[in-house]
Amino acid sequence: MTGAGAPGATINLIRKKPTREFKASIDVGAGSWDNYRTQVDVSGPLTDSGNIRGRAVAAYQDKHSFMDRYERKTGVYFGTLEADLSDDTLLTLGFDYQNNDPTPRAGRAAARCSTATASVSTSSARTTTAPTGAVGSRPPRACSRPWSTASPTAGSARAN
């Protein structure tokens, strides 16, 4: 890198939105070096009128490596609720949790971490941006995501 200033980056996590009709999927994947992954995704209306919708996703990965004595177990869970407060106002509540549990190689430190965030936002046809804010979220920690919840790993990609 060249130039003045410090390097930086932006990560934009966009949760999958609830659907107006019921949908459910189960993805199972397996790969080289004992890499196993499962994901369950359920979405749909929570009321008869469909004005409140929800989506829940749970994914688990148990992964070994080409390196001896290294493995990582990761769980990711998130949920989203949407409620139509009026014809032009939508309330969105979201939560996500991730837990990385690696087994380090001999002589190396483990990069174990857990993260959780929650957010609330509203949008209206009269506004161009929705106010958002973290509610009761933990401070960020150095935690690499083994996959994005919006775009799962290859072999089991499914974006609804």
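The legends below describe close-up views of a predicted model. In this model, local features need pLDDT of at least 70 and side-chain atom pairs count only at pLDDT 80 or more, while totals for chains, interfaces and linings use all residues. Residues are numbered from 1 along each chain as its sequence is written, and side-chain values use heavy atoms, with hydrogens and water left out.

View 1. Serine 43 sits in strand S2, residues 35–45; strands (E, at least two residues) are DSSP runs numbered from the N terminus. With a relative accessible area of 3%, serine 43 is buried (buried means under 20% relative accessible area, exposed over 50%, partly exposed in between; 1.4 Å probe, protein chains only). A polar atom of the serine 43 side chain lies 2.8 Å from the backbone nitrogen of threonine 19. Leaving aside residues up to four places away in sequence, serine 43 touches Lys17, Pro18, Thr19, Glu21, Phe22, Lys23, Gly54 and Arg55 (contact means heavy atoms within 4.5 Å).

**View 2. A nonpolar patch on the surface.** The patch is formed by Phe22, Ile26, Val28, Val40 and Val42, which together have about 500 Å² of accessible area. Patch residues have over 30% relative accessible area and no salt bridge; nonpolar side chains (Val, Leu, Ile, Met, Phe, Trp, Tyr) are joined within 5 Å, like charges within 9 Å. Accessible areas come from the Shrake-Rupley method with a 1.4 Å probe, and for residues only the protein chains shown count as cover. Strand S1 (23–31) and S2 each supply at least two residues of this patch. Valine 28 belongs to strand S1 and is exposed, at 61% relative accessibility.

**View 3. The loop between S1 and S2.** Tryptophan 33 is in this loop and has a positive phi of about 55 degrees although it is not a glycine. Its relative accessibility is 54%, so tryptophan 33 counts as exposed. Aspartate 34 is also found in the loop between S1 and S2. Phi of aspartate 34 is positive too, near 55 degrees, in a residue other than glycine. With a relative accessible area of 40%, aspartate 34 is partly exposed.

**View 4. The salt bridge of aspartate 41 and arginine 55.** The whole structure contains seven salt bridges (a side-chain nitrogen of Lys or Arg within 4 Å of a carboxyl oxygen of Asp or Glu). In one of them, the side chains of aspartate 41 and arginine 55 meet at 2.8 Å, N to O. Aspartate 41 lies in strand S2 and arginine 55 in strand S3 (residues 52–64), so this pair ties together parts 14 residues apart in sequence. Aspartate 41 and arginine 55 are both buried.

View 5. The side chains of aspartate 84 and arginine 20 form a salt bridge of 3.7 Å, N to O. This pair links distant parts of the chain, 64 residues apart: aspartate 84 is in strand S4 (residues 71–86) and arginine 20 in the segment before S1. Aspartate 84 is partly exposed at 26% relative accessible area, whereas arginine 20 is exposed at 57%. Arginine 53 and glutamate 82 form another salt bridge through their side chains (3.2 Å, N to O). Since arginine 53 lies in strand S3 and glutamate 82 in strand S4, the pair ties together parts that are 29 residues apart in sequence. Arginine 53 is buried, with a relative accessible area of 2%, and glutamate 82 is buried at 7%. Salt bridges with shared partners join Arg20, Arg53, Glu82 and Asp84 into one network.

Key:
Helix = DSSP H or I, 4+ residues; strand = E, 2+ residues; numbered from the N terminus. Polar contact = N/O pair within 3.5 Å; in protein donor to acceptor, adjacent residues only side chain to side chain.
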